[in-house]
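Hello,

Here is the structure I promised to pass on to you. Please have a look at it first, and then read on for what turned up.

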Amino acid sequence: MNTGNMERTDRTFGKVCDILDRYHRDPRKLIPILQAVQEEYRYLPEDILTFVATSIDLPPARVYGVATFYSHFTLQPKGKYVVKLCDGTACHVKGSERILDHIRSHLGLKDDQTTTPDMLFTVETVSCLGACGLAPVVVINDLVHGQVTPDHARELLDEIRKNEGAQE
Amino acid sequence: MNEQKLTVNGRRVAFHDEKNILEVIRKANIDLPTFCYHSELSVYGACRLCIVEIEGRGVQAACSVSPEAGLTIRTHTPELRETRKLTIELLLANHHQGCTTCRKSPSCKLLDLANRLGVNTVRFKQAGRELPLDTSNPALVRDPNKCILCGDCVRVCSEIQGIGAIDFAHRGAEATVAPAYGKKLGEVECVYCGQCAAVCPTGAILPASETDAVWAKLGDPTVTVVAQIAPAVRVAVGEAFGFGAGESAGSKIVAALKAIGFKNVYDTSFAADLTILEETGEFLRRTEMNGKLPLMTSCCPAWVTYAERFYPELLPHLSTCKSPQQMFGSLVKPMLSEKLKTSREQVVVVSIMPCTAKKFEGRRPEFAVNGSPDVDHVLTTQELIEMIRDAGLRFNELAAEAFDLPFGFKTGAGIIFGNSGGVSEAVVRYAHEKITGQKLESFDVHAVRGEDGWREANVDLGSRTLKILVVHGLGNARRAAELIRDGQAPWDFVEVMACPGGCVGGAGQPVTAGGDTRRKRRDGLYREDKVLQLHESQDNPYIRQCYHDFLGEIGGEKAHELLHTRYESRKRITGDGIDLKPATDPEVNVKVCLGTSCFVRGSQKLLQELLKNLSLENLDDSVAVQASFCHERCDRGPTVTVNEEILDKCTLERLMERIRSHSRAVAREKV
């Protein structure tokens, strides 16, 4: 239960301090600091944001404003695998919407839910990854998959789930 | 100064040091509309209503162009008029248009401009979703559906008050102005000064209203309702009824309140006189006995809350005197209930204040006796105006009436409290006589008057010189606080008011265009001081009588009990702790603070060792551990709570000992 938090406090504040020191606790470096924090935790936890804000002498509301302005930042925990489906013009024309529907129903995501309850997958759309020649494109973590079909996408997800299951 | 000229609508207009052409155009008596421009804030250039056509440069926002000689400017060409109307129309499409039921309507800039610019129809479909009303804050109500994103509130909170409790969040169609993490305004570091509401052009942030509750009390035959009126209210109420700003309407307010149904109408300036005697007494005692100096004033509730939230280590510098509003309540309530031979609960004290933070102050639990508050309701000047209108009173026609005695009698020193510098001046008027044994030659102490947000003055008090700092705006208070904290403050006495110009510029006052109205209100208070017979608090005969009959000595035991208070460190952001180690059968709950200061003092290491030790001692099942974010006892970290017990400067040995003791106690209870 809540092992994410447990794991976090063991390492957390030390890590955040390292990050803050790396940027000399300079409020002008807020964005790189947030990037580094998100790299560390896969999202921006509220308590860490308050800690960052107090440390660099900015109001928490300002830090929250920056964190919510850029779509790169997320305040919700993301799954271990982030599935980014491109919905730019080229991918859209090549049927990205169909793939999205398929992925979401396969993972059982309802309404505006984006992360599976087991925290394995997060599904989101992005606007153009600049790989239009490969449309439609799906990026899972840092791996790019081109000319994806609904079936192909499902296989990719099943493959990950199988490997994860084998590891446990 | 070098005078240059530019052309506005074919007429030559001179300019000197105006910072933009908007100011020059307004000087030429053309009221170019704006939402996001305030002369005291940074230029934002977002609302695009002050657009003008500049020959050779096209359409520009006047707020963002510096004046240059020879510019040829037009302010209302067909294209400009069309663009402005379209801007308003688009704002209206995004705006919750409940104007008939909106309290802001009489002074709403959006409504006014829509009318002025002839926006008769909105061609766009009403957009957007309905966001919930935020009523969590005791002083302010936030309605995000009425926000036009001009950012005035964001800038006043960060630039003038140095707090930044609200800011822009999200982007595009989702953009809002909100406190951190989408929390409510009552859950963050807001100090209730209300300057956000004072600059808001629409009804997106409004002072919370208590008029219904007061009307209900007035209709209850079993209670006696009395009012106290703060000094700054009397020079602003008239603005809503066609009086010039600064014109004193004190006696008409008394008549109006009597007509509305208040039994007695008293003057907070009476309590201000009392404050001066107590505060000066405290100051002189601290000077003689090497107490904490500089003494910082405590009559501004937004400043007191600010100090509690941001500078808890400076709280010993704050005067322990209650504010005049609270002194009034704690003195008058018992005296009146004794006189009327009724219970406390049957005397209802309503304050009428220029201030939104007073609403919070009135609700502080320490200002109540067995849950019965010293001040029951706090109305702003705006709410008083609403009540006068609601009752249908022809304010201008009312025959003047006098304040009731004894608590309606004041000296000029109690009146000038409403101006920045007023408290210092009143202190000097008393301290001078107290130290030298002689009255001031002239009671006007010009050294502490003025408009700047940071004013230092040396005042000669016979054998010694009193070094005074007067600040308004919490950004300036912060600057002073840091110097005091670092031991670099040369002053003996520091007066702090949160609002620009002091209480005359309070957020409960009628919405103004800015500095000019404030100056007129200020001058109005100084005029009122001039025409009163007495100017020094120590000369108020009713105050003397109060000490003689009821309070005893200045600063004495009874005075201390009734008129002084204490302060506490307050959390900035509230929220639940994070579960670190849930227990299957929790008997002991441990919360370790991981706030900045405790972290520096090793709370993280303590936490790690704690978790290790719990498994070693087989306490895993019965002890739950949470990380909390800042108990705000930063001077005593690391702070840990075990069940309800707070352990300051906590060590592992002590913590384990307390945990064992608590679990033994639980075990005993079970047996």
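A word on contacts before we start: two residues count as touching if their C-beta atoms, placed from the backbone, lie within 7 Å. Please also keep in mind that this is a predicted model.

Let me begin with chain A. Helix H6 (residues 96–107) lies across E1 and E2 of chain A, and its direction is at about 155 degrees to E1(A). Those strands belong to an open, mixed sheet of four, ordered E2-E1-E3-E4. Strand E2 (121–126) and strand E4 (143–145) of chain A are its edges, each pairing on one side only. On average, neighbouring strands here are turned by 20 degrees against each other, direction ignored. E1 (residues 81–86) and E2 of chain A run parallel, joined by six bridges, and A:Val82 has A:Thr122 as its bridge partner.

Now to chain B, which also has an open sheet of four strands, in the order E11-E10-E13-E16 with parallel pairing. E11 (264–267) and E16 (377–380) of chain B each have a single partner strand, so one side of each is left without a neighbour in the sheet. Six bridges link E10 (residues 224–229) and E13 (residues 347–353) of chain B, with B:Val225 opposite B:Val348. Helix H11 (residues 324–339) of chain B packs on this sheet, touching E10, E11 and E13, and makes about 155 degrees with E13(B).

Finally, the centres of domain 3 and domain 4 of chain B are 44 Å apart, taken over C-alpha atoms.

Best wishes

Key. Residues are numbered from 1 along each chain as its sequence is written. Chains are lettered from A and ligands numbered from 1 in the order in which they are written. This is a predicted model: local features need pLDDT of at least 70, side-chain atom pairs count only at pLDDT 80 or more; totals for chains, interfaces and linings use all residues. Domain bounds come from an automatic or database domain assignment. Two strands pair if DSSP finds at least two bridges between them. Helices (H or I, at least four residues) and strands (E, at least two) are DSSP runs, numbered from the N terminus. Axes are lines fitted to C-alpha atoms, for helices over the stretch in contact, and angles run from 0 to 180 degrees between N-to-C directions.
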